[in-house]
Amino acid sequence: MFITRLCINGFKNLKNVEIYPHEKLNIICGRNAQGKTNLIETVWLCSGAKSFRNTKDKRMIGDDEQSMHIELDFKNAFREQNIKFSMARPNIKEKSVLLNGVKLKAPSKLFGSLNCVIFTPEDLELSKGSPENRRQFLDLSVSQIKNSYSSVVGKYETLIEQRNMLLKNINRGRSSKDELEVWDYQLAQMGAYISLLRYNYTKKLSIFTSRLYDEISEGREKLDISYSSTVFSQLEGRTDYSGDLAGEYLRCLKNNVEEDLNAGFTQKGVHRDDLVCRINGSLAREDASQGQHRSIALILKLSQAYILAEEINDFPCILLDDVLSELDLSRQKFVISKIRDMQVFITCCDKNIPFDEHSHGKMFSIEKGRIITDKG
């Protein structure tokens with residue numbers, strides 16, 4: 001899978017950008033605040049994902065613009081496709097998203113069309129950051145191979161907020177415990193489903209991460225990853241998420257009502273689960289060095305790309321947003337060696353990227369939101 005054409009106008013500071021990317025290597029070079037990451041962000045939005053920079057809708061349109069437009073052409077193993085994504089003031093919530101000329105209900109409906117994996121400097125903190133970041137990593141990864149999954153996660157998050165509000169109202173004497181039943185039943189159904197899909201994805205992930213980490217550590221260290229559930233003690237071999245698993249989840253919620261009331265929030269559930277990483281048996285988040293954390297993060301993201309490639313029978317596009325500058329030379333070379341067969345977009349300030357002399361590609365220089373040179 002590779003992008004053949006990208007046109008952008010009015011997205012943040014980008015103006016009249018039109019590029020024809022190389023099938024393999026694309027370097028987007030420029031000083032800070034010139035629009036490099038903005039360009040990468042438009043590609044990511046066309047994959048159906050939310051902004052990796054948490055950009056609010058109103059900030060997507062440039063300060064001196066009334067609208068923004070993105071158009072992207074790409075090829076996969078079967079055909080050429082086209083995505084159009086636009087927004088206009090004042091109705092910025094009414095996004096226009098078209099896939100091959102067909103209007104979609106929401107950007108998330110693009111999931112499964114243009115497949116991308118993104119690496120950002122923030123991802124380098126994945127293994128030592130908060131459990132929320134690792135849950136988001138898992139949820140995005142699962143969403144890329146099961147399109148309906150993200151809507152279930154969104155509904156669960158809404159329900160857990162409502163249940164937590166109800167817990168507070170019960171404490172204040174404004175509501176009854178009996179009102180929890182309707183929320184608990186729905187949470188159990190969705191929570192069991194999310195748990196099972198996260199667990200099964202983590203099993204696949206562990207196969208790739210184990211092999212890749214053995215390679216990056218030159219056999220000196222062993223990485224084990226596992227899914228830690230606050231509800232289920234055992235998920236291996238279980239499949240009945242709407243029956244047995246949902247029932248167990250519901251019992252967990254009911255058994256913990258008093259603790260939840262005392263705390264004022266729901267203490268167990270998929271919103272409290274974690275992806276646990278261990279190096280040679282020790283918890284990475286407690287004992288790993290900075291270098292080990294960076295290696296784990298790289299391995300997780302590379303494994304995400306390989307699993308996606310396996311599922312769609314095609315390579316995804318790789319977006320590296322100012323990541324290589326954060327890595328030492330050996331890790332730079334390791335990452336590059338693993339993505340050589342994929343289309344890659346790299347943003348950087350320094351043109352000295354450690355590709356070998358056999359690498360072919362293009363370099364785009366960006367200044368004040370405009371492409372000023374296109375070499376390749």
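## Strand 13 and its neighbours

Let's start with a pairing: strand 12 (residues 317-321) runs parallel to strand 13 (residues 344-348), the two being joined over 4 bridges. Strands count as paired if DSSP finds at least two bridges between them, and the helices (H or I, at least four residues) and strands (E, at least two) are DSSP runs, numbered from the N terminus. Within this pairing, Leu319 stands opposite Phe345 of strand 13.

Please keep in mind that this is a predicted model, in which local features need pLDDT of at least 70 and side-chain atom pairs count only at pLDDT 80 or more, while totals for chains, interfaces and linings use all residues. Residues are numbered from 1 along each chain as its sequence is written, and side-chain values use heavy atoms, with hydrogens and water left out.

Strand 13 also has strand 3 (residues 25-29) as a parallel partner, this time over 5 bridges. Here Cys348 of strand 13 is the bridge partner of Cys29. Together, strand 12, helix 10 (residues 329-338) and strand 13 build a right-handed β-α-β unit; right-handed means that, with the strands pointing away from the viewer, the path from the first strand over the helix to the second runs clockwise.

## A strand covered on both faces

In a regular strand, side chains alternate between the two faces of the sheet. In strand 13, Val344, Ile346 and Cys348 lie on one side and Phe345 and Thr347 on the other, and all are buried. Buried means under 20% relative accessible area, exposed over 50%, and partly exposed in between (1.4 Å probe, protein chains only).

How many disulfides does a search of the whole structure find? The search finds 0, a disulfide being a pair of cysteine sulfur atoms within 2.5 Å. For Cys348, the nearest cysteine sulfur is that of Cys29, 4.2 Å away. Cys348 counts as buried at 6% relative accessibility, and Cys252 is buried too, at 11%.

## Helix 6 and its buried face

Cys252 belongs to helix 6, where Leu245, Ala246, Tyr249, Leu250 and Leu253 are buried as well. Seen down the axis of helix 6, the buried residues fall within an arc of 155°, so they line one face of the helix; the arc is that of the directions from the helix axis to the C-beta atoms. On the face turned away from that buried side, helix 6 carries the exposed residues Asp244 and Asn255.

What covers the buried residues of helix 6? The cover includes helix 4 (149-171), helix 5 (180-216) and helix 7 (257-263), where contact means heavy atoms within 4.5 Å.
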